[in-house]
Amino acid sequence: GYNSRYVNVPLIAGLQPESLKDFIKQRTRWAQGMAQIFIFNNPMFKRGLSFAQRVCYTSSMVFWMFPFARLIMVLAPLVFLFFGAQIYQARVEEFLALTVPALVSVMLIANFLYGSYRPPLVSELYEFIQSTFLSRALLHVVLRPRKPSFNVTPKGESMDRSHLSPTAGPMLVLLGLMIAGVAISLSRLTNQPELRDVYAIVSAWNLFNLIIACAALSHASRPTARV
C-alpha cells in the first residue's frame, strides 16, 4: 500500500568491510537473504503487485544466482581440457566472426552504462572472488532454507600487515587447475592438430580466467580488500 519516491540526495552512509573475509561474509548474508525471500515470499506469486513490480523484485533476487553461472564459465574450459567434453564447437574463424563481436559489444555496453562506477573487467574480478563461496552458501539455502541466520559484518578491524586471506583456499585450487589447463592445452595444440582450432579457443578462454584468478589472489594477499 505504500508509494515509493526517489530522492536524489545522499541520506545515509555506512562502513565497508576492511578484509576480504568480511567482504565475503557480508555478500554471503545478502545472497542468502535474497534467496530466502525468493523461496518464502516469491514476488511472482504475491498479491497486489503489478507486473513491473514482480519483474523488478524478482530481478534483484535472481541476480544473486550469478555465482553458478560464473563457476560454469570458469570450469567449462577445464572440463574440455581435462576430459575432452566438447562444450564449444566452432572454428577460429567462426569464433572471431560471431562470438568475439558479441563479447566486445557486451563489454562496451556495460562500460557505457556502468563504467563510471565499475569497469567491466572489475566486475569479472568481483564475481570471480565471490562465486566459490556464494554458490556453496546458496546451495545451503536451497537445501535448508530456514537454517541461515543473520550475522553482522565486522567493521573497524585493524589491518596493519599484509597476509593471505583465509578465504584464498578455493581460489588457489582454481588457480592450480587453470595452470594445469594451460600445460595441457600447450600439449594438445602440438599433438592434436586436427582439433587445434577448438583448443586455441578454449585455451584463450582458460587463459583469460587465469588472469582474473591471479588478480583475485592479489586482492586476497593485501592488508585491505576493497572490491
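This is a predicted model: local features need pLDDT of at least 70, side-chain atom pairs count only at pLDDT 80 or more; totals for chains, interfaces and linings use all residues.

Reader: How far apart are the end C-alpha atoms of helix α2 (residues 51-62), and what span should its 12 residues have?

Author: At 1.5 Å a residue, the 12 residues of helix α2 should span 16 Å. The separation of the end C-alpha atoms agrees with this expectation, being 16 Å.

Reader: Which residues of α2 are buried, and where do they lie as seen down the axis of the helix?

Author: Buried means under 20% relative accessible area. In α2 the buried residues are Arg54, Thr58 and Met61. Viewed down the axis of α2, these buried residues fall within an arc of 55 degrees, so they line one face of the helix.

Reader: Are Ala52 and Cys56, on the other side of α2, buried or exposed, and what does the cover of the buried residues include?

Author: On the other side of α2, Ala52 and Cys56 are exposed. The buried residues of α2 are covered by elements including α1 (20-40).

Reader: How many cavities of 30 Å³ or more are counted, and how much space lies in the largest cavity?

Author: The count of cavities of 30 Å³ or more comes to 1. The space in the largest cavity is about 40 Å³.

Reader: Which elements give two or more residues to the lining of the largest cavity?

Author: The largest cavity is lined by Arg70, Val74, Phe128, Met178, Asn209 and Ile212. By class, this lining has 4 nonpolar, 1 polar and 1 charged residues. The elements that give two or more residues to the lining are α3 (66-83) and α7 (196-220).

Technical notes. Residues are numbered from 1 along each chain as its sequence is written. Side-chain values use heavy atoms; hydrogens and water are left out. Helices (H or I, at least four residues) and strands (E, at least two) are DSSP runs, numbered from the N terminus. The expected span of a helix is 1.5 Å times one less than its number of residues. Buried means under 20% relative accessible area, exposed over 50%, partly exposed in between (1.4 Å probe, protein chains only). The arc is that of the directions from the helix axis to the C-beta atoms. Contact means heavy atoms within 4.5 Å. On a 1 Å grid over the protein atoms alone, a cavity is a set of points where a 1.4 Å probe fits but cannot get out, and a pocket is an open set with protein on both sides within 12 Å along at least five of seven lines; lining residues have an atom within 4 Å of a point. Grid points are joined across faces, edges and corners, and a volume is the space filled by probe spheres set on the points. Ala, Val, Leu, Ile, Met, Phe, Trp, Tyr, Cys and Pro count as nonpolar, Asp, Glu, Lys and Arg as charged, and the others, Gly among them, as polar.
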